[in-house]
Amino acid sequence: MVRLLKSALVLFIGLHALFYALQNMANIDAAHGALAYVLSGADHEVYPATIFFKTGNPLLAWIGLAVVLIGEFAVAFFGIKGGWDLFAARSATAEEFHAAKRSGVIAAGLALLVWFGFFMSFGAAFFQMWQTQIGTGSMEGAFMYAIASAITMIFVSATND
């Protein structure tokens, strides 16, 4: 049963990222607009100054969005593959099942890079997106996804079952 739970949780990391990537693709102009808004520093009233930079360059917002999408699709790929690998190894030896965790751990690690690294470190800290309603929503969501991925990674990799 624990092996099936681990398989399902890793699969959900992948599906979660896939759903976000596809929703971003379906709303590509809105996704670009939201990212451009965050990068511009618009409506930053609490901390209006920055020691870094703000930019209104739409090309940089497209590049940032491409990085996010690549990250989300990578998480999706490794999460779905990892869920399948764990499911396929559910009756295998402990060593084989442990080896099957590789893609799932990669998925969770990439999820942390996307949602903690990109959204929380760069978006929230560097570009101070926490100051706006759009940015706060993205930041809070990223926190939830990062924590869920971290907990899943710990649960999946903590034991050699």
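Q: At roughly what angle do the axes of helix α2 and helix α3 cross?
A: The axes of helix α2 (residues 28-40) and helix α3 (residues 58-88) cross at roughly 115° and come within 9 Å. Axes are lines fitted to C-alpha atoms, for helices over the stretch in contact, and angles run from 0 to 180 degrees between N-to-C directions. Helices are DSSP runs (H or I, at least four residues), numbered from the N terminus. This is a predicted model, in which local features need pLDDT of at least 70, side-chain atom pairs count only at pLDDT 80 or more, and totals for chains, interfaces and linings use all residues. Residues are numbered from 1 along each chain as its sequence is written, and side-chain values use heavy atoms, with hydrogens and water left out.

Q: Which residues meet there?
A: From α2, I28, D29, A31, H32, L35, A36 and L39 meet P58, L60, A61, W62, G64, L65 and L69 of α3. Contact means heavy atoms within 4.5 Å.

Q: How confident is the prediction, and where is confidence lowest?
A: The average pLDDT (the predictor's confidence in each residue, from 0 to 100) is 93 for the protein, and 100% of the residues score at least 70. Confidence is lowest in α6, with a mean of 91, and highest in α3, at 97.

Q: Turning to helix α1, how many residues does it have?
A: Helix α1 (residues 2-26) has 25 residues. From its first C-alpha to its last it reaches 36 Å, close to the 36 Å expected at 1.5 Å a residue. The expected span is 1.5 Å times one less than the number of residues.

Q: Which residues of α1 are buried, and what covers them?
A: The buried residues are R3, K6, S7, V10, I13, G14, A17, A21 and N24. Their cover includes α2, α3, α4 (94-99), α5 (102-126) and α6 (133-157).

Q: Why is K6 counted as buried?
A: K6 has a relative accessible area of 1%, and is therefore buried. Buried means under 20% relative accessible area, exposed over 50%, and partly exposed in between (1.4 Å probe, protein chains only). Leaving aside neighbours within four places in sequence, K6 is in contact with L86, F97, K101, F155, V156, T159 and D161.

Q: And what does N24 touch?
A: With neighbours within four places in sequence left aside, N24 is in contact with A31, L69 and E72. N24 counts as buried because its relative accessibility is 19%.

Q: Is R102 buried or exposed?
A: R102 counts as exposed, because its relative accessibility is 62%. R102 is in helix α5, and its C-alpha atom is separated by 7.0 Å from that of G82, 20 residues apart along the chain.

Methods. Helix = DSSP H or I, 4+ residues; strand = E, 2+ residues; numbered from the N terminus.
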